[in-house]
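I opened the model to look up two things.

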Amino acid sequence: MKIKETPLKDCYIIEPTVFEDDRGYFYEKYNEKKFEEITGLNGHFVQDNISKSSYGVLRGVHLQKGEHAQAKLVSCLEGKVYDVAVDLREDSPTFGKWFGIELTLENKLQLYVPRGFGHGFSVLSETAVFAYKCDNFYNKESEGGVLWNDEDINVDWKLPLEDVVLSEKDAVLTKFSEHNF
Ligand SMILES: Cc1cn([C@H]2C[C@H](O)[C@@H](COP(=O)(O)OP(=O)(O)O[C@H]3O[C@@H](C)C(=O)[C@@H](O)[C@H]3O)O2)c(=O)[nH]c1=O
């Protein structure tokens, strides 16, 4: 397993060690001990989520606030997504900045999105199965987020605007400038 820095403080790309042989390949998708040794991060995740989406679906930008804040280790198990992390920690040197990365089963990359970050992804393939681990449980009352097309954050979701499909909830999220993080 390798860890690579991103331009955002505390947000990392995780690349697994893949063993290939005549049968195909093997890799450890997650190993708490190695994750903690190599990254120095808390690797104790308590919830695993899977979602499936069609082309054009954009989920985000989401976070849970306060004591329910979640760090996430995200990956794509089928198809191709453009995954985006937004630093929403007011005291961070990269506050208000975003980072995006393509995640696919082929590249096997995972993104570590720390607590206090907003997270979202867009689906670039016909369908995509997205998997992520969270280090804190889902808590509906603590959910928040930033509107996907907020001008101040200005994420490039790699999708034509007319193809974007949002949930009702995501279509009315708050703008970055109106937030009190
Ligand atoms: C996130 C979540 C949702 N749900 C339920 C609530 C709702 O009825 C249904 C769908 O929820 P949502 O519309 O919020 O799902 P979704 O828009 O996929 O939300 C997710 O988006 C990505 C980008 C993230 O980063 C996640 O943390 C999460 O916020 O699933 C749970 O039961 N547990 C959970 O952990």
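My notes on the ligand shell and the sheet follow.

I worked from a predicted model, where local features need pLDDT of at least 70, side-chain atom pairs count only at pLDDT 80 or more, and totals for chains, interfaces and linings use all residues. I number residues from 1 along each chain as its sequence is written.

I counted a residue as near if its C-beta atom, placed from the backbone, lies within 6 Å. N49, S51, R59, G60, H62, K72, H119, G120, F121, Y138, S167 and K169 surround the ligand. Two or more residues each come from β5 (47–54), β6 (58–64) and β11 (117–123). I took strands as DSSP runs of E, at least two residues, numbered from the N terminus.

**Strand β11.** I called a residue buried if 20 or more other C-beta atoms, placed from the backbone, lie within 10 Å of its own. In β11, 7 of the 7 residues are buried, so the strand is largely enclosed by the rest of the structure. F117, H119, F121 and V123 point one way, and G118, G120 and S122 the other.

**Pairing.** β6 and β11 run antiparallel, joined by 3 bridges. R59 has F121 of β11 as its bridge partner. β8 (residues 80–87) is antiparallel to β11 over 7 bridges. There, V84 is partnered with G120.

**Sheet.** I traced an open sheet of 5 strands, β9-β8-β11-β6-β13, with antiparallel pairing. β9 (98–104) and β13 (143–145) each have a single partner strand, so one side of each lacks a neighbour in the sheet. β8 pairs with β9 over 7 bridges. A85 stands opposite F99 in β9.

Notes. Helices (H or I, at least four residues) and strands (E, at least two) are DSSP runs, numbered from the N terminus. A residue is buried if 20 or more other C-beta atoms lie within 10 Å of its own, exposed if 12 or fewer, and partly exposed in between; C-beta atoms are placed from the backbone. Two strands pair if DSSP finds at least two bridges between them.
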